[in-house]
Amino acid sequence: MARKETIEKQSWKPGNVLSPAPPVLVSCGGTQAWKPNLITIAWAGNICSDPPMLSISVRPERYSHEIIRTMREFVVNVPSAGQARAVDWCGVVSGRNEDKFSGAGLTPAPALKVGPPIVRECPLNIECRVRQSLELGSHTMFVAEVVAVQVSADLIDGKGRLRLEKCGLLAFAHGQYFALGRRIGRFGFSVRKRSRGVRR
Ligand SMILES: Cc1cc2nc3c(=O)[nH]c(=O)nc-3n(C[C@H](O)[C@H](O)[C@H](O)COP(=O)(O)O)c2cc1C
């Protein structure tokens, strides 16, 4: 590792460099007025655990913006790394011109608690109801409560634990997609005693 005094820094212009981000497929619509649509969102994140809440930031010019603003419901579908092509495609074409479900070969399936459909092929589907909309500038942040979650059953192990890593998670950093690599620790591992006899 480089010695601390040799790590040089450069001043970089202020910008959205926080990485990696989770590129998710957000589904919306599914009414007579709006057919089901998908928008790729990288600016998504957990923001509260009780009640469980997340946010997505959407530019007002997106076709999906009007749908989410009006319906106040959406689903965050977490893709696997194998779905990177569909994720990218849903982020470069608009639902104004394309049926993104059929174009990406994805299947809309009923959500448990909200109007928009889930993406059946995505391993994790997080159903959300908008609580607040914040006009921040270039983006509207939709602050939403998680009202239901669906997970693919093959990701739940014998002890009932969700093993999301089995599906191959996808990350987005500085304009590029990455498949997450090997696990290097578990929450709190830095302070836990190593059990004797375990070989490293
Ligand atoms: C990897 C990736 C991440 C993106 N993240 C966002 C985002 O966080 N917010 C946003 O408004 N647009 C984002 N976009 C752009 C929209 O997905 C894109 O403009 C899309 O075509 C809008 O679809 P719509 O017109 O059907 O709503 C992203 C695109 C890609 C490829």
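In what order do the seven strands of the open sheet stand? The order is S2-S1-S5-S8-S9-S4-S3, with antiparallel pairing.

The model is predicted: local features need pLDDT of at least 70, side-chain atom pairs count only at pLDDT 80 or more, and totals for chains, interfaces and linings use all residues. Residues are numbered from 1 along each chain as its sequence is written.

**Figure 1. The whole chain.**
The protein chain has three helices and 11 strands. Helices (H or I, at least four residues) and strands (E, at least two) are DSSP runs, numbered from the N terminus. Along the sequence the pattern reads β-β-β-β-α-β-α-α-β-β-β-β-β-β. The C-alpha trace spans about 60 × 50 × 35 Å along its principal axes. Of the 200 residues, 28% count as buried. A residue is buried if 20 or more other C-beta atoms lie within 10 Å of its own, exposed if 12 or fewer, and partly exposed in between, with C-beta atoms placed from the backbone. Among contacts with a separation of 6 or more, residues 24 or more positions apart account for 61%. Contact means that two C-beta atoms, placed from the backbone, lie within 7 Å.

S2 and strand S3 (44–49) stand at the edges. Each has a single partner strand, so one side of each is left without a neighbour in the sheet. Neighbouring strands are turned by 35 degrees against each other on average, direction ignored. Axes here are lines fitted to C-alpha atoms, for helices over the stretch in contact, and angles run from 0 to 180 degrees between N-to-C directions. Two strands pair if DSSP finds at least two bridges between them.

**Figure 2. S1, S2 and the helix across the sheet.**
Strand S1 (residues 24–28) pairs with S2 in the antiparallel sense over five bridges. Val 26 has Ile 39 of S2 as its bridge partner. H1 lies across S1, S2, S4, strand S5 (73–78), strand S8 (124–135) and strand S9 (140–151). The helix runs at about 60 degrees to S1.

**Figure 3. S4 and its two partner strands.**
S3 and S4 run antiparallel and are joined by five bridges. A hairpin links S3 to S4 through two residues. Gly 45 stands opposite Ser 55 in S4. S4 also pairs with S9, again in the antiparallel sense, over six bridges. Here Leu 54 stands opposite Ala 144 in S9.

Val 58 lies in strand S4 (residues 52–58). Val 58 is buried, because 24 other C-beta atoms lie within 10 Å. Not counting residues up to four places away in sequence, Val 58 touches Ile 41, Ser 64, His 65, Ile 68, His 139, Thr 140 and Phe 142. Val 58 and Ile 39 are 19 residues apart in sequence but 9.3 Å apart in space, C-alpha to C-alpha.

**Figure 4. The shell around the ligand.**
Which residues come nearest to the ligand? Of the 21 residues around it, these are Tyr 63, Ser 64, Gly 91, Ser 94 and Gly 95. Strand S2 (37–41), S4 and helix H1 (63–71) each give two or more residues to the shell. The largest share, four residues, comes from S2. A residue belongs here if its C-beta atom, placed from the backbone, lies within 6 Å of the molecule. The shell divides into 10 nonpolar, seven polar and four charged residues. Ala, Val, Leu, Ile, Met, Phe, Trp, Tyr, Cys and Pro count as nonpolar, Asp, Glu, Lys and Arg as charged, and the others, Gly among them, as polar.

**Figure 5. The largest nonpolar core.**
This core has 33 residues. Leu 25, Val 26, Val 75 and Val 76 have the most contacts inside it. A nonpolar core is a set of buried Ala, Val, Leu, Ile, Met, Phe, Trp, Tyr and Cys residues joined through C-beta atoms within 7 Å. Beyond its neighbours within four places in sequence, Leu 25 is in contact with residues including Leu 38, Val 87, Cys 90 and Val 119.

**Figure 6. Backbone details.**
A cis peptide bond joins Ser 19 and Pro 20, with omega about -5 degrees. Pro 20 lies in the segment before S1. The bond from Asp 50 to Pro 51 is also cis, with omega near 0 degrees. Arg 72, not a glycine, has a positive phi of about 60 degrees. Arg 72 sits in the loop between H1 and S5.
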